[in-house]
Amino acid sequence: MNQYYYLDNNNQQVGPFSVEQLRTQPITPDTLVWMQGMTNWTRAADVPEIRPYFGSAPTAPPTGQPYGMPPTAAYPQVGPAPQNFGGYPGGVMPKTWLVESILVTLFCCLPLGIVGIINASRVESRYRIGDLAGAQQASLEAGRWTKYGLLASLVIIGIYFLLFMLGIAGAIFSS
């Protein structure tokens, strides 16, 4: 039994669902769906197994690939399943910086770490919808904010240490 995923209005992956379960989901003929064996997200109306749920009207052929992906053959395709689910064919998911961002948030710089976490969460979601350029940009932003947070924490620790030493020196020389 085929298991389908679809992208909701926020381009977030939802699923898996069987074809029967998809009937209860808020999908339209233009909703992008994917299942194991497909190389790209495809309009629901262009998937033969799902098309009957939208009526018998013929659908137009796909007009383009979503999110700037290179043109590929339309569903169904023969061949192995993509190694990177939903990702850019042949592309590797960029580093997310999620762990580093969380550590920076916990140990020092809450605002900078939160910005890093937000960008880190975008890396995987962009990659899963096939937006490799967006995933790389989000990875760069996550890395940048995480490094800013780490640098800020080092500066704060240095200032704290300097003030601590000045306090000790002041106590020694005043007595």
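This is a predicted model: local features need pLDDT of at least 70, side-chain atom pairs count only at pLDDT 80 or more; totals for chains, interfaces and linings use all residues.

Next comes burial along the helix. The buried residues of H4 are Leu132, Gly134, Ala135, Ala138, Ser139, Glu141, Ala142, Gly143, Thr146, Gly149 and Ser153. Their cover includes two other helices, H2 (98-107) and H3 (110-128).

Tyrosine 160 also belongs to helix H4. Its relative accessibility is 60%, and because exposed means over 50%, tyrosine 160 counts as exposed. Tyr160 is one of the residues that make a nonpolar surface patch, together with Phe161, Phe164, Met165, Ile168, Ile172 and Phe173. The area of this patch is about 830 Å².

The cysteines come next. Cysteine 108 has 31% relative accessibility and therefore counts as partly exposed, the class between under 20% and over 50%. Cysteine 109, at 8%, falls under the 20% limit and so counts as buried. As for disulfides, the count in this model is zero.

Tryptophan 97 is found in the loop that runs between strand E4 (42-43) and H2. H2 is one of the helices that cover buried residues of H4. Although tryptophan 97 is not a glycine, its phi is positive, about 65 degrees. With 18% relative accessibility, tryptophan 97 is under the 20% cut-off, so this residue counts as buried.

Two backbone details lie elsewhere in the chain. Proline 16 is part of strand E2, which takes in residues 13-17. The peptide bond that leads from glycine 15 to proline 16 is cis, with omega near 15 degrees. Serine 18 sits in the loop between E2 and helix H1 (19-22). At 6% relative accessibility, serine 18 counts as buried because the value is under 20%. Apart from neighbours within four places in sequence, serine 18 is in contact with Met1, Asn2 and Gln3.

To return to H4: helix H4 has buried residues, including Leu132 and Ser153, and contains tyrosine 160, which counts as exposed at 60% relative accessibility.

Key:
Residues are numbered from 1 along each chain as its sequence is written. Side-chain values use heavy atoms; hydrogens and water are left out. Buried means under 20% relative accessible area, exposed over 50%, partly exposed in between (1.4 Å probe, protein chains only). Helices (H or I, at least four residues) and strands (E, at least two) are DSSP runs, numbered from the N terminus. Contact means heavy atoms within 4.5 Å. Patches are made of residues with over 30% relative accessible area and no salt bridge: like charges are joined within 9 Å, nonpolar side chains (Val, Leu, Ile, Met, Phe, Trp, Tyr) within 5 Å. Accessible areas come from the Shrake-Rupley method with a 1.4 Å probe; for residues, only the protein chains shown count as cover. A salt bridge is a side-chain nitrogen of Lys or Arg within 4 Å of a carboxyl oxygen of Asp or Glu. A disulfide is a pair of cysteine sulfur atoms within 2.5 Å.
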